[in-house]
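Hi,

Here's the structure I said I'd pass along.

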Amino acid sequence: MKIAALIPAYREEKHIGDVIAATLPFIADILVVDDGSPDRTREVAETAGATVLVNEQNMGKGASLARGLDHLFAKGFDAAVCLDADGQHLPAEIPRFIAAAESADLVVGNRMAKVATMPFARVWTNRVTSWILSRLAGVTVPDTQCGFRLVRREAWQGVSIRTRNYDFEGEMIVAMGRKGFRVASVPVSTIYGDEVSTINPVRDTVRFFSMVWRLSKNQ
């Protein structure tokens, strides 16, 4: 497969260069979608060796992923490995996704096997949301909130996803599972550093359950 890496980024001038450097030994083609960052995210990413698309204003993580996937698949790539720009994902684990993609259309990272370093609230939230979305998708995905994943072109082009924020990644699983695309999971590490989450607990919880309500009505 012809594979690219896709990294959505917002205010990540501190980490993006290191993430790109750690990804290059495994994937030579890296696309960063800078979601309207007011800092030097774009300049650092380009210097590190990535191609950069810039959203003129902040559109949300899902919108950045959608734009990046459309761009890469229009360029002829067969699959994209999506990973976060803040260093929470280990690029050294990318080969696990590529190996699993030989028999899957969507491969999602699973952090839930080792949760000792994960805050209890996040463990509980991940387990509840993963159970809900797995039921809606018709496939079992232990960690539906993990953004570390591989998406094949056929799967992306075979679904329509409405959400454009953090709920985008959950709807992707439901949409692809319902369409009969093969969904797999691979174990990944749980890493927390000095990154600051941009998730708004109230707003994004409301968005999640609004999405769940909509999807449950359209089974």
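His-89 first: this residue is buried, at a relative accessible area of 6%. Keep in mind that the model is predicted. You'll find His-89 in the loop between β4 (79-82) and α4. A polar atom of its side chain lies 3.0 Å from the backbone nitrogen of Asp-84. Leaving aside residues up to four places away in sequence, His-89 touches Leu-83, Asp-84, Cys-146, Gly-147 and Phe-148.

On to the aromatics. Searching the whole structure turns up 3 aromatic pairs. In one of them, Phe-97 and Phe-148 are tilted, with 4.4 Å centre to centre and 35° between the planes. Phe-97 sits in helix α4 and Phe-148 in the loop between α5 (120-137) and β6 (149-152), so this pair ties together parts 51 residues apart in sequence. Both Phe-97 and Phe-148 are buried.

Trp-156 and Phe-168 make another tilted pair, at 5.9 Å centre to centre and 55° between the planes. Here helix α6 (residues 153-157) supplies Trp-156 and helix α7 (residues 168-178) supplies Phe-168, 12 residues apart. Trp-156 counts as buried at 9% relative accessibility, and Phe-168 does too at 0%.

Trp-156 also shows up in the largest nonpolar core, which has 66 residues; Trp-156 and Ile-16 are among those with the most contacts inside it. Ile-16 belongs to helix α1 (residues 16-23), where Gly-17, Val-19, Ile-20 and Thr-23 are buried as well. Down the axis of α1, the buried residues fall within an arc of 165°, so they line one face of the helix. Their cover includes β1 (3-9), β2 (30-34), α2 (41-48) and α4 (94-100).

Cheers

How values were computed
Residues are numbered from 1 along each chain as its sequence is written. This is a predicted model: local features need pLDDT of at least 70, side-chain atom pairs count only at pLDDT 80 or more; totals for chains, interfaces and linings use all residues. Side-chain values use heavy atoms; hydrogens and water are left out. A nonpolar core is a set of buried Ala, Val, Leu, Ile, Met, Phe, Trp, Tyr and Cys residues joined through side-chain atoms within 4.5 Å. Buried means under 20% relative accessible area, exposed over 50%, partly exposed in between (1.4 Å probe, protein chains only). Helices (H or I, at least four residues) and strands (E, at least two) are DSSP runs, numbered from the N terminus. The arc is that of the directions from the helix axis to the C-beta atoms. Contact means heavy atoms within 4.5 Å. A polar contact is a pair of N or O atoms within 3.5 Å; within protein, one must be able to donate a hydrogen and the other to accept it, and residues adjacent in sequence count only if both atoms are side-chain atoms. Rings of Phe, Tyr and Trp (its six-membered ring) pair if their centres lie within 6.5 Å; planes under 30 degrees apart count as stacked, over 60 as edge-to-face and the rest as tilted.
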